[in-house]
Amino acid sequence: MAANGAFGRVLVGVKRVIDYAVKVRVKPDKSGVETVNVKHSLNPFCEIAVEEAVRMKEAGLATEVVAVCVGPKKAQENIRSALAMGADRGIHIETDEEVAPLNVARILAEVAKAEEPSMFILGKQAIDDDSNQTGQLLGGFLGWPQGTMASKIEPVSDTAVHVTREIDGGLETLELSLPAVVTADLRLNKPRFAALPNIMKAKRKKIDAKTPADFGVDMASSLQTLEVNEPPVREAGIMVGSVDELVEKLKGDGLI
Amino acid sequence: ASALVIAEHDNSSLAKATRHAVSAAAAVAGSDPVAVLVAGSNCSAVADAAAAIDGVSQVLVVDAPEVEHPIAENLAAAAAAAVEAHGFGTVAAAATVSGKNVIPRIGALLNAQPISEVVEVVSEDTFVRPIYAGNALATVKSSDPVKLMTVRATNFDAAPADGGSADIVAMDAPDFPLADKVKFVSAELSQSDRPDLASAPVVVSGGRGLKSGENFAMLEKLADLLGGAMGASRAAVDEGMVNNALQIGQTGLIVAPDLYIAVGISGAIQHLAGMKDSKVIVAINKDAEAPIFSVADYGLEGDLFQIVPELTEKIAAIKSAA
């Protein structure tokens, strides 16, 4: 087992996204979805990542948890949410550009080189662009092993962890040498609600302000969004009044 | 430019998802050839299966212990070596957990921005992909010299399993710089006699309305009668009623069976994203306002604990009479 504080620092990636409960609307000019006056939150998978890092600190495995965010000015609110959950400090790389996973991963890799964590935990995907890429790209840039879509992280020594992953049809366990990148799946944990005193305390925690240029990263992406459209609407079906009627319909369709 | 598809397999059989990825890759490659990369250990049966796929002109085989399991770090090294040796313009994999795990890793090696879950190929550099859990579709254009993508299997027909006679070419194993930093420990696959959820013709899915894991037995009876697979909503998984491997939705599996029966599922956006392309959708729910009814071909409002056994009984009667 890992000794006290053996994992040192843990970095966590956090992203500001449209709240999961909002019904998104495509803009009439097809340039994207409406974001003005729409509720935003910390990406749910990032919340799970923060929770896991904070639990590591509470268990004496990690010495410090740092929340790192690439995003607009308002993303400060979401970094504060991570701090209220128990992260120690934040790093905000401010940009109003679209945050392509490749560019975000380039920035996070530079942050990791400066902060030298034992582990970088991210959500497996952000619920806005649904890319599911940043952790893998980050691992690739750093040359660190990756444990994506993790449902369990178990230390096995001071220098290695077992990561159980949600794969198609079941679970897979990998042994990763530290430092490593891990991305959080749903069942890794249930994130806590920040208590009011912790929300107040979070206001005094430090957030470093940086820009992509500080890390030598240009935010222009090689993947350009040409247009965004509404998905085709499924034609409304009918309500049936009984099981018999349902069975007749399915028989008529040749399904039973 | 030619395209490379990363095969998904267990060293003995090729996953059907790979054939869907071949179709997508062929659409990107146009008149140029499509190759398949089989990286595994003692995987000649997989290479033979890949070579038989209609439309595949070459199968590259990396046979090495480092890729016995689909370890993303090692698989990415093999794919990058294949791109370097053969100059592919596209590398594609099915958008399975394994595909999503490896494609972005290659992105870091080739400095390319990957494209996730492609649902339509517009041209060699322009693709459509869902965002916001499928509530919007983005048309994106890539200027990367090598396009890396995962493709949603349900949106592309599977290339025929036979009809092809591709050359099988052994590749030297590349360097695996992370081989000693990531090791396979174990895998625990849920054993089931039912068809594979991702490709089953019928899916019977349960949600929070089932109230407990034990009650899923009722759905199993119906699924078995129809030769279908079992699925579940994220709510049912979150509450620990069933294993996450059954989860259908944005954060789980995407399915498009001929018949999808949603039982006690309200139809959250995240669930609809995973099943709304099914051919016929049946919804059984006690709440007439449940959003699932807005996508259902046939909705039946009522108590699932009465409806499901009655439905099972009546279908069984038809089957035994036939």
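1. A salt bridge here is a side-chain nitrogen of Lys or Arg within 4 Å of a carboxyl oxygen of Asp or Glu. Arg9(A), Glu64(A), Arg89(A) and Glu115(A) are linked in a network of such bridges. Over all chains, the count by this rule is 27 salt bridges.

2. A word on the basis. This is a predicted model, in which local features need pLDDT of at least 70 and side-chain atom pairs count only at pLDDT 80 or more, while totals for chains, interfaces and linings use all residues. Residues are numbered from 1 along each chain as its sequence is written, chains are lettered from A and ligands numbered from 1 in the order in which they are written, and side-chain values use heavy atoms, with hydrogens and water left out.

3. Glu115(A) bridges to Arg89(A), with the closest N and O atoms 2.6 Å apart. Glu115(A) sits in helix H3 of chain A and Arg89(A) in strand E5 of chain A, so the pair ties together parts that are 26 residues apart in sequence. Helices (H or I, at least four residues) and strands (E, at least two) are DSSP runs, numbered from the N terminus. Are these two residues buried or exposed? Glu115(A) is buried, at 13% relative accessibility. Arg89(A) is buried too, at 15%. Buried means under 20% relative accessible area, exposed over 50%, and partly exposed in between (1.4 Å probe, protein chains only).

4. Asp88(A) has a salt bridge with Lys57(A), and the closest N and O atoms are 2.7 Å apart. Asp88(A) is in the loop between H2 and E5 of chain A, Lys57(A) is in helix H1 (residues 44-58) of chain A, and the two are 31 residues apart. Asp88(A) is partly exposed, with a relative accessible area of 23%. Lys57(A) is also partly exposed, at 31%.

5. Which salt bridge joins two chains? The side chains of Asp297(B) and Arg234(A) meet at 2.7 Å, N to O. Asp297(B) lies in the loop between strand E15 (280-285) and strand E16 (298-301) of chain B, and Arg234(A) in the loop between strand E12 (223-229) and strand E13 (238-240) of chain A, so the pair joins two chains. Arg234(A) is partly exposed, at 21% relative accessible area.

6. Helix H2 (residues 75-85) of chain A has these buried residues: Ala75(A), Asn78(A), Ile79(A), Ala82(A), Leu83(A), Ala84(A) and Met85(A). An α-helix has 3.6 residues a turn, so residues three or four places apart point the same way. Gly86(A) follows H2(A), with a positive phi near 135 degrees.

7. Next, the loop between E5 and H3 of chain A. Glu98(A) is placed between strand E5 (89-94) and helix H3 (101-115). Glu98(A) counts as exposed because its relative accessibility is 63%. Thr95(A) is found in the loop between E5 and H3 as well, but Thr95(A) is buried, at 8%. The side chain of Thr95(A) reaches the backbone nitrogen of Glu97(A) at 3.0 Å.

8. Last, the surface patches. Patches are made of residues with over 30% relative accessible area and no salt bridge; like charges are joined within 9 Å, and nonpolar side chains (Val, Leu, Ile, Met, Phe, Trp, Tyr) within 5 Å. Glu94(A), Asp96(A), Glu97(A), Glu98(A) and Asp218(A) form a negative patch. Leu196(A), Ile199(A) and Met200(A) make a nonpolar patch of about 280 Å². Ile199(A) belongs to helix H5 (residues 196-202) of chain A and is partly exposed, at 35%.

Methods
Areas by Shrake-Rupley, 256 points an atom, 1.4 Å probe, with all protein chains shown as cover. Lys, Arg positive; Asp, Glu negative; His and termini not counted. Charge placed at Lys NZ, Arg CZ, Asp CG, Glu CD. Polar contact = N/O pair within 3.5 Å; in protein donor to acceptor, adjacent residues only side chain to side chain.
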